[in-house]
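Here is a short briefing for you on a strand, its partners and a few side chains. Have a look at the model first, and then we can go through it together.

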Amino acid sequence: MPRLVLASASPARLKTLRDAGLSPEVVVSGVDEETVPKTGPADYTMRLAQLKAVAVASSEKRALVIGCDSVLSFDGEILGKPGTEAEATRRWQQMRGRSGVLHTGHCVIDTHREVWLARSAATQVRFANVSDEEIAAYVATGEPLAVAGAFTLDGLGGAFVAGVTGDPHNVVGISLPLLRLMFDELGFTWTDFWSSPST
């Protein structure tokens, strides 16, 4: 069995995989997302996921390297991490009571056979009609500043998400159903990785 390597610094992605019974190692890619031109959200996230996976795969032997990247598509904009309190506040004032689509690109590289796949998943997200006071309190926590779309489903922001249509794991940053299908397409059985040590 190959080792599993997650090419992402996201604690939410790591927790999602661990909760699903997988034990990946984490190797951060260091890819500068700002250097990648923004095309359509699906293509953009797949391109970033591929760049992250390739950056890590080059130094890994006999491993399945998983790269991911997420953005929110809202009002024709591609929204990554807001970075500042002002931008996070602006976004929430626009998003409240409305819907957007969270796109996550996935790339899996089998470094032993030198084969790879890239896919994208999309989940519609309906935002609650939160007040200015709630937005200010949420932004003050710092949580929305470093996550795609300025919100989380699995953290403090979960109470501000009225519902999702599609895979909720995708909103967290990694689609387990899609990843299982990608493993299968590469010739691996998802359940074989349950509780497998990554040493």
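A polar contact is a pair of N or O atoms within 3.5 Å; within protein, one must be able to donate a hydrogen and the other to accept it, and residues adjacent in sequence count only if both atoms are side-chain atoms. This is a predicted model, where local features need pLDDT of at least 70, side-chain atom pairs count only at pLDDT 80 or more, and totals for chains, interfaces and linings use all residues. Residues are numbered from 1 along each chain as its sequence is written, and side-chain values use heavy atoms, with hydrogens and water left out.

**Around D110**
- D110 lies in strand β5 (residues 99–110), strands being DSSP runs of E with at least two residues, numbered from the N terminus.
- The side chains of D110 and R113 are joined by a polar contact of 2.6 Å.
- With 2% relative accessibility, D110 counts as buried (under 20% relative accessible area, 1.4 Å probe, protein chains only).

**Strand β5 and its partners**
- β5 is largely enclosed by the rest of the structure, because 10 of its 12 residues are buried.
- Strand β3 (residues 63–74) pairs with β5 in the antiparallel sense over 10 bridges; pairing requires that DSSP finds at least two bridges between two strands.
- Strand β6 (residues 115–127) also pairs with β5 in the antiparallel sense, over 12 bridges.
- β5 and β6 form a hairpin with 4 residues between them, and E114 in the turn has a positive phi of about 60°.

**Cysteines**
- The count is 0 disulfides (pairs of cysteine sulfur atoms within 2.5 Å).
- The sulfur of C68 has its closest cysteine sulfur in C107, 9.1 Å away, so it is too far for a bond.

Methods:
Buried means under 20% relative accessible area, exposed over 50%, partly exposed in between (1.4 Å probe, protein chains only).
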